[in-house]
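User: I'd like to learn how to read a few features in this one. Can you walk me through them?

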Amino acid sequence: MILPFIILFFFNHPSADDWGLSENTKIRGFSDTQIHYYKNWTGKYFSNAVLSYNPLYFNSVFGYKMLTLLLLILFIYILYALIRQLSKNAISFKEKILLTLSIIFLYLYSMPSLSQSFYWLTASVVYQLGLIMIMMFLLLYSKITDPKDSTSENVLTFLSVLLLIAIAGCSEMSMVTGVLMISLLVLGKLITERKINGRLVLFTITTALSSYVLLSAPGNNVRGSQYPDSHKLIPSVITTITTMADYFVSWIFLSPLLFITLLTLPVLFKLVKNNEKKPVSIFVNPVYTVAAFLGVLFVLFFTPVWSLGRSPFNRTVNIIYFVFLIGWFYNVTVLIYLLLRKYEFKISRIPDFVYAVALVVVVLFLFKKNNVKNAYADILLGGASGYNKELNLRYDMIDKSTSDSLTVTPLVYTPRTIFFTDITADPELEFNRMYAHYFNKKYISVLKADTLKNE
C-alpha cells in the first residue's frame with residue numbers, strides 16, 4: 001500500500017515557491033534573502049533558510065526528487081524510532097514495524113492534500129520537517145527522562161534546545177504544536193510532582209523566545225493583509241468547530257481507521273501488558289487524555305482559521321491529521337489499559353475471524369476515493385510518467401533555445417498525487433520570473449488557452 005508513494009518520487013518535479021527561494025538566494029545572497037522574507041513575507045526563519053539551499057540552488061532537479069523522497073524515509077524512520085523508544089522491549093521488532101506502517105498508511109491514505117505533503121518540497125520542509133523534528137524532540141526527551149539511558153543528558157538537552165528553535169521557525173503550525181507539546185509536558189510535571197525542573201524551564205523559555213521571533217516578523221503583517229476576514233473571534237470559533245466536525249467524520253468513519261485500529265489491537269494489548277513502568281494515573285485517565293486530545297486539535301484548527309478568516313489550507317490540515325492519529329492511538333492504549341486493569345479483559349476473547357473481516361474491509365476501502373487509489377492510478381494509467389516526460393522535454397527545449405523569452409505549452413498531464421501548480425501565462429508573476437531565472441532566461445510563460453484554440 002505504501003510502495004506507490006515511493007515510486008511517485010521519481011516522477012516528481014519542483015513548483016511554485018521551490019523556484020523562488022533558491023533563485024532569490026542566488027540573486028540576493030543567503031543573508032539578504034532571509035532578511036527580505038522576514039520583513040516582507042513570513043517569519044519562518046528556519047524553513048526559509050533550509051529552502052534557500054534546496055537542490056534547485058545547485059541546478060539539480062534530480063536532487064529535488066531525491067530530497068523529497070529522503071524526507072518521507074526520514075519521517076517513517078523517526079516515527080519508528082519514537083515508537084521503539086517508547087515501547088522498549090514490550091513488543092517485538094516486527095510489531096514496532098507494524099505500528100509504524102499502520103500509522104503511515106493511515107496518514108497517506110486520508111491526508112487532505114498528498115501533493116502538498118512530501119512531494120512539494122516547500123510544504124514538506126515547512127510542515128513535514130516540523131513534524132519530524134517534533135518527533136525527534138519527544139524521542140530525545142524520552143531518553144533524558146529515562147534513568148536507564150546512558151546518553152549524556154547535557155548533550156541531549158543541547159540538541160533538544162536546537163530542535164525547539166528549529167520547530168518554531170518551521171511554520172506557525174509547528175510552532176503552535178511545539179508550544180502545546182511543551183505546555184502539556186510542564187502541566188503533567190506540575191500535576192504529578194508539583195514542581196518543574198530547570199530543564200523544562202529552559203525548554204519553555206526557548207520555545208517562548210523562538211515563537212516570538214516568528215510571530216514578530218514584519219512580513220507576517222504583509223502576508224496577513226491578504227486575508228481581510230481574519231482575526232474575528234466568533235466566526236473563527238464557529239468555523240473551527242464545524243471544520244473539526246467535518247474532518248472527524250471523514251477521518252473516523254470514511255477511512256479504514258477503525259479497522260486498522262482493530263487489526264493492531266493485539267500489538268497494543270501486548271504493549272500495555274508488558275510495559276515495565278506503571279503509568280501515572282493522569283496519563284491513563286480518559287477524562288484527561290480525551291480532553292487534552294480535543295483541546296490540542298481545537299487549537300491546531302483554530303490557529304489557521306484565525307489567521308485566514310476561513311477554513312485552513314489542506315497542507316495545513318495535513319499536520320493536524322498526523323497529530324490526530326498519534327492522539328487517537330494514544331487514547332486507544334488508554335482504553336486498553338482500563339480494560340486490563342478493571343475488567344481483566346483478554347485479547348483472546350476476540351475471535352480470529354474478526355481480524356479477517358477487518359482486513360477485508362480495509363481492502364474494500366481501497367476502492368473508494370483515497371490517496372492510495374490515486375497513487376496507483378497515476379502510476380498505472382501513465383499520468384505520473386506523462387507529467388515527468390512533459391517537463392523533461394520542456395526543460396530540454398528551454399535549455400536548447402537561444403531566445404531569452406519563451407512561451408511553453410501547458411501541461412497535459414497533471415497527476416493529482418504529485419502535481420501542485422505550474423507557471424502561468426503572465427511572465428511578470430514572481431514564480432514565472434524565478435522559473436525564467438533558473439533557466440537563465442528573461443521571460444518564460446505558458447500559452448494562454450485562447451491562443452491554443454486559435455492555433
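User: Which helices do the buried residues of α18 pack against?

Analyst: First, a caveat: this is a predicted model, where local features need pLDDT of at least 70, side-chain atom pairs count only at pLDDT 80 or more, and totals for chains, interfaces and linings use all residues. Residues are numbered from 1 along each chain as its sequence is written, and side-chain values use heavy atoms, with hydrogens and water left out. Helices are DSSP runs (H or I, at least four residues), numbered from the N terminus. Buried means under 20% relative accessible area (1.4 Å probe, protein chains only), and contact means heavy atoms within 4.5 Å. Here, the buried residues of α18 pack against α1 (3–8), α6 (93–110) and α19 (383–400).

User: Which residues of α18 are buried, and why are they on the same side of the helix?

Analyst: The arc is taken from the directions from the helix axis to the C-beta atoms. In α18 (residues 371–380), the buried ones are Asn371, Val372, Asn374, Ala375 and Asp378. They span an arc of only 165° around the axis, so they sit on the same side of α18.

User: What caps the N-terminal end of α18, and which residue with positive phi follows the helix?

Analyst: Asn370 is the cap, with a side-chain oxygen 2.8 Å from the backbone nitrogen of Val372. Gly382 follows α18, with a positive phi near 90°.

User: Is Ser171 buried or exposed?

Analyst: Buried, at 0% relative accessible area. Ser171 is in the loop between α9 (153–170) and α10 (172–193). Beyond its neighbours within four places in sequence, Ser171 contacts Lys44, Val126, Tyr127 and Leu214.

Technical notes
Helices (H or I, at least four residues) and strands (E, at least two) are DSSP runs, numbered from the N terminus. Buried means under 20% relative accessible area, exposed over 50%, partly exposed in between (1.4 Å probe, protein chains only). A polar contact is a pair of N or O atoms within 3.5 Å; within protein, one must be able to donate a hydrogen and the other to accept it, and residues adjacent in sequence count only if both atoms are side-chain atoms.
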